[in-house]
Amino acid sequence: MSRCLIPKADVKSFIQQCMVAVKTKPAHAKALADVLVEGDYRGHYSHGLNRMDMYVKDIKSGICEKDGEPTIEKETAATALVNGNNLLGPVVGNFCMDLAMKKATESGVGWVVARGSNHYGIAGFYSMQALEQGMMGMSFTNTSPLVVPTRGMECTLGTNPISVAAPAGKDDSFVLDMATSAVALGKVELHARNQQTIPEGWGCDAKGAVTQDPQKVLDGGGLLALGGAEATGGYKGYGLGMMVEVFCGIMAGATYSNNIRTWRETSRVADLGQCFVAVNLSCFAPGFESRMADLLSIHRHLPPAPGATSVLVPGDPERQHIAECESKGGIPYSVHVVSHMNNVAKELGVAPLPVSVMDK
C-alpha cells in the first residue's frame with residue numbers, strides 16, 4: 001500500500017478548512033479536526049481523516065447543525081442528561097466529558113448521558129481527557145445498526161464502542177478503546193478503498209455468510225460481534241454491544257438499535273446516545289496509580305509465546321504508533337485516502353494535502 005507522510009498540523013488545518021467551507025462554526029470545526037487527527041495519530045485510521053467526507057456531507061446537507069451548543073436538561077450533583085442539539089459529535093462529547101469531570105471533582109463520580117448527538121470519532125479521545133486530571137474516564141456511544149446479533153440475520157446493533165482510561169503515573173496509562181463488534185466498519189471501508197480482502201470473522205454478506213470481501217459486507221451485509229460466531233464467543237460481544245445501548249440510547253432517551261438511521265443516511269437526524277463517566281480516584285483506596293503501574297508492568301514483562309513479540313497492554317499499540325509518527329515527523333497516510341479527501345476538498349475550494357509517496 002502506497003503511503004505519504006503529512007504533519008499533524010497540516011491535517012488539522014485541512015480538516016478545519018473543509019468544515020468551515022461548509023459553514024461549520026470555526027470552534028466546532030477545530031473540535032472535529034482535533035479528534036479525527038488524534039485518531040490517526042494513535043493509529044485508528046478508520047476514525048480519522050478517512051471519516052471527514054461523512055462530516056462534510058452531514059453539515060452540507062443540513063442534517064447536522066453547524067452552530068449552537070449542547071444544553072443540560074436535567075442534573076444532580078453526580079449526573080446529567082444533555083441534549084446535544086444535533087451538533088457535531090465531538091462538540092457534544094467535549095461538553096459532556098468536561099461536565100462529568102467537574103461533577104467527579106465535587107462528588108467523586110460524574111455520569112453524563114447525551115441524546116441528540118452525532119458520530120464523535122474515537123471513544124478514547126473522551127475517556128483520556130480524565131487522565132489529565134488524574135481521574136479514570138469512560139466513554140460509550142451507540143451507532144447506526146451495523147452488527148448482526150448472535151443467531152440473527154438483521155443488523156440491529158452498532159459497533160457500540162467501549163473506552164476506559166486509567167492513570168498509571170509517569171505519563172503511563174491503561175487505555176482501552178474497542179468496538180464491541182469484531183472490527184470497526186471504517187476498517188472494512190479502508191480495506192475496500194485499498195482493494196484488500198478482510199480477515200475471516202470480520203463480517204458477513206447479505207445472506208449471513210461469512211465473507212472476506214469487504215464490499216459484500218458494505219453492500220447489504222453486516223459486521224460480526226466481537227468473538228465472531230457463537231461457538232467462538234460472539235454472544236459475549238453481542239452482550240457488550242447491548243450493554244452500551246443501555247448506557248446510551250436507553251438511558252439518554254435517544255434513538256436506539258435498528259431505529260437509528262442507516263449508516264451515512266442523510267434523510268433524518270442520527271439522534272445518537274452517548275455516555276461519559278469520570279471517576280475521582282482520590283475517593284477510593286490510596287495508591288491507585290502505583291498499583292495500576294504494577295499491573296501494567298506484570299503483563300508487559302511476561303515472556304512472550306514462541307514466535308510472538310512482547311506482550312502489550314491496552315494503549316501500547318497506540319503509543320508505538322505515536323512514537324513512529326514522532327520519529328518520522330508526521331502521520332503516514334494511505335495515498336488512496338488522501339487522494340479521496342483531496343477530491344472532496346477540491347469541490348469545496350480548499351487547497352489539497354500534499355501527496356508524496358514515501359513507501360509501498
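This is a predicted model: local features need pLDDT of at least 70, side-chain atom pairs count only at pLDDT 80 or more; totals for chains, interfaces and linings use all residues.
1. In helix 1, the residues Val11, Phe14, Ile15, Cys18 and Met19 are buried, where buried stands for under 20% relative accessible area, exposed for over 50%, and partly exposed for the range in between (1.4 Å probe, protein chains only). These residues lie on the same side of helix 1, because they cover an arc of only 125° around the axis; the arc is taken from the directions from the helix axis to the C-beta atoms. An α-helix has 3.6 residues a turn, so residues three or four places apart point the same way.

2. Residues are numbered from 1 along each chain as its sequence is written, and side-chain values use heavy atoms, with hydrogens and water left out. Helices (H or I, at least four residues) and strands (E, at least two) are DSSP runs, numbered from the N terminus.

3. Helix 1 covers residues 8-21, and its end C-alpha atoms are 20 Å apart, in agreement with the 20 Å that 14 residues should span at 1.5 Å a residue. The expected span is 1.5 Å times one less than the number of residues. The cover over the buried residues of helix 1 includes strand 1 (3-6), helix 2 (26-41), helix 3 (52-61), strand 13 (331-334) and helix 11, with contact meaning heavy atoms within 4.5 Å. Just after helix 1, Lys23 has a positive phi of about 75°.

4. Helix 11 (residues 335-348) also has 14 residues and reaches 20 Å from its first C-alpha to its last, close to the 20 Å expected. Its buried residues are Val335, Val337, Val338, Met341, Asn342, Val344, Ala345 and Leu348. Gly349 follows helix 11 and has a positive phi, near 75°.

5. Arg261 sits in the loop between helix 8 (234-252) and strand 12 (272-279). Is Arg261 buried or exposed? Arg261 is buried, because its relative accessible area is 7%. A polar atom of its side chain lies 2.9 Å from the backbone oxygen of Arg268. Beyond neighbours within four places in sequence, Arg261 is in contact with residues including Asp58, Asn118, Ser144 and Ala270.

6. Lys74, in strand 2 (residues 71-75), is exposed, with a relative accessible area of 59%. Leaving aside neighbours within four places in sequence, Lys74 is in contact with Thr79, Ala80 and Leu81.

7. There is one cavity of 30 Å³ or more. The largest cavity holds about 110 Å³ of space. Of its 13 lining residues, the closest to the centre are His119, Ser144, Arg261, Trp263 and Ala270. On a 1 Å grid over the protein atoms alone, a cavity is a set of points where a 1.4 Å probe fits but cannot get out, and a pocket is an open set with protein on both sides within 12 Å along at least five of seven lines; lining residues have an atom within 4 Å of a point. Grid points are joined across faces, edges and corners, and a volume is the space filled by probe spheres set on the points.

8. The largest pocket has a volume of about 540 Å³. Of the 35 residues that line it, His44, Asp177, Met178, Ala179 and Ala184 are the closest to its centre. Strand 8 (173-178), helix 6 (185-193) and helix 10 (316-328) each supply at least two lining residues, and strand 8 gives the most, with four.

Notes:
A polar contact is a pair of N or O atoms within 3.5 Å; within protein, one must be able to donate a hydrogen and the other to accept it, and residues adjacent in sequence count only if both atoms are side-chain atoms.
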